[in-house]
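Trainee: Hi! Could you walk me through this one? I have never looked at it before.

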Amino acid sequence: MRLPATTTAFLLALAALLLAVSPAHAEKRVALVIGNSTYAHVGKLANPANDASAVAESLKRLGFESVEQKSDLDYRAFRKALSDFSRIADGADVALIYYAGHGIEVDKRNYLIPVDAELRDGRDADLEALPLDVVMGTVEGARKLRLVVLDACRDNPFRAKMASRGGTRSIGRGLARVEAPSNTLVAFAAREGTTADDGRGKHSPYTTALLKHIETPGLEINFLFRRVRDAVLADTGGRQEPFIYGSLSSEAIFLKPGDGSALPTVAAKEDNGRLAAMQKELEALKQQLDKKPEAKTQPKDDGKLAALQAEVERLKKQLETKPEAKKPEEPKTKVAVGTFEQQKPTTPARGLKPGDEFQDCDTCPKMVVIPAGSFTMGSHMSEPQRGAEEGQQRRVTIDRPFAAGKFEVTFAEWDACAADGGCDGHRPGDQGWGRGNRPVVDVSWLDAKTYVAWLSRKTGKEHRLLSEAEWEYAARAGTTTPFSTGQTITTVQANFNGDYTYNGSGKGQYRKKTTPVGSFAANAFGLHDMHGNVWEWVEDCWNGSYAGASTDRSARTAGDCSLRVLRGGSWSNGPWDVRSAIRYRRYTDNQYTVSGIGFRVARDLTPEELGK
């Protein structure tokens, strides 16, 4: 049987991969492992010493040639350990640094904290702590992989003291995003600007997950950290999300080689442009393999080739028996774009006014008409726990009514899209909480865009995401206070983490999951869950402030468009993170949000619908 070209290309890539990781290609791999627990000027951390010891033992079992383990390093000892390791790492194939302990961010620069540091204000960080870029420079002599693993995002115990002394330096929570050099990965235990748990058992949640997966045979390095991420999210109920920064070459890298069974299944969906690039790369691999015929005849390679042939046969069977994608049913009536059934809308032909509700089809989101008006966007400098990204305030005009989803898009609405052949067939998980009228989660900004595109094709009406200005206008619903409910908010009014208080409020319930949409009263515009439940994607590119923003309702299409804006907070956030002015951002393809991010839809109204 003749295999398709794409199948042949994939098998060639697998051959190259298995040849690359065979024992015949021994590597020099070295590691420095540090656990700082006993801090002189703040409380002791329970787990870094245990974490570091366990990681060091694991790396030794993985065959690392040198594993330097250090604990409770003061400033002088920390710098010496890095200096000594830089010489060991120079010329190695793989150099790894693992650090457990305190880390902080000051003015967007990250620091690891020696145990004797006494940080009284932001200026002390430069004098008493180790900048992360210096630590990263320690491994730059490695040729193939430079890996820095930081279980160092614990809540900054120096922050309150440093902030109270004033000054001009910004002191953050957790660590800041890093730009890693080529062939370098920097792994954070928690995403930028968030904190990691130290843990209640023998190890932190992050190191527990790392120890569980690091010795898995045949688990490529990128997928190793994806599994760690998923395990930590599950263990912490979505509160802590690990993240990695950096990029590697196309060569697969394993800490423990194996037969490939731990690798994820190849996706059935193919992108022609991506395939063309892959075929070009694989042709180069084929030529490289053809230059080594002696590898096929040397007796020492017999075991390797037998394993390769067995893996090829297994994959051939898998690919030959792969079921075809289910073809959508032929629609009764086709619209101009796509192959979706266009349903008769229930929208009144004329006379919509603010507060009116309608649906564009039976399975479409319910919409509410939002009035035109003006409002002050952003938060005042006196608003408790506001961020600099929420300013400067400016007056924004919403020049005409528009329609917004009464609720966040639900699983039922998303599943209707997937069943109709839309949403790229993506069926996100529900965490065991149930689907139906709970808000859909585990969707990226790109996923949300596929939904509104499907909805537009299905209804013949141009649906979209809200702009950031529209979202805040709709959330405030005529108010100027931190919440549409006033100066405070309670867990009787919204779904958020009630273990925390804000602006003098009392504690409330922490439900630890989403609630069905509409479980709480609507705001004055008739919209539900604008505070909490799930973060909501909007259209805008990320900008760190409102500088240069327009005064109309349009979305900002300039800035960092690899990041898009999130608004409203979620079930796992404290009350300060569900304020009307709160802003956050994530990468457009970040689907791995597990349980905290969803979206709602919007669309413009025609003059005819408004009775004009």
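Predicted model: local features only at pLDDT ≥ 70, side-chain atom pairs only at ≥ 80, totals over all residues.

Trainee: Thanks! How many helices and strands does the protein have?
Mentor: It has 13 helices and 20 strands. Helices (H or I, at least four residues) and strands (E, at least two) are DSSP runs, numbered from the N terminus.

Trainee: Back to α3, then. What should its 15 residues span?
Mentor: Helix α3 covers residues 75–89 and should span 21 Å at 1.5 Å a residue, which agrees with its end C-alpha atoms being 21 Å apart. The expected span is 1.5 Å times one less than the number of residues.

Trainee: Which residues of α3 are buried?
Mentor: They are F78, A81, L82, F85 and A89. Seen down the axis of α3, these buried residues fall within an arc of 95°, so they line one face of the helix. The arc is that of the directions from the helix axis to the C-beta atoms. Buried means under 20% relative accessible area, exposed over 50%, and partly exposed in between (1.4 Å probe, protein chains only).

Trainee: Why do residues three or four places apart point the same way?
Mentor: An α-helix has 3.6 residues a turn, so residues at that spacing point the same way.

Trainee: And what is on the face of α3 turned away from the buried side?
Mentor: That face carries the exposed residues R76, K80 and R87. The buried residues of α3 are covered by elements including β1 (29–35), β2 (66–71), β3 (94–100) and α5 (132–137).

Trainee: New topic: how do α2 and α7 pack?
Mentor: Helix α2 (residues 48–61) and helix α7 (residues 205–213) pack at an angle of about 15°, with their axes 10 Å apart. They are therefore roughly parallel to each other. D51, A54, V55 and S58 in α2 meet T207, L210 and L211 in α7; contact means heavy atoms within 4.5 Å.

Trainee: At what angle does α7 pack with α8?
Mentor: The angle between α7 and helix α8 (residues 221–235) is about 135°, and their axes are 9 Å apart. That makes α7 oblique to α8. Axes are lines fitted to C-alpha atoms, for helices over the stretch in contact, with angles from 0 to 180 degrees between N-to-C directions. Under 35 degrees counts as roughly parallel, over 145 as roughly antiparallel, 65 to 115 as roughly perpendicular and the rest as oblique.

Trainee: Where is T236?
Mentor: T236 sits in the loop between α8 and β9 (243–247). At 2% relative accessibility, T236 counts as buried. Leaving aside neighbours within four places in sequence, T236 is in contact with D197 and P205.

Trainee: How many of the residues of α13 are buried?
Mentor: Nine of the nine residues of helix α13 (residues 468–476) are buried, so α13 is largely enclosed by the rest of the structure. Among them are W471 and Y473. After α13 comes A477, whose phi is positive, near 50°.

Trainee: Last one: is S444 buried or exposed?
Mentor: S444 is buried, with a relative accessible area of 3%. S444 lies in the loop between α11 (411–419) and α12 (445–459).

Terms used. Residues numbered from 1 in each chain as written. Heavy atoms only, no water.
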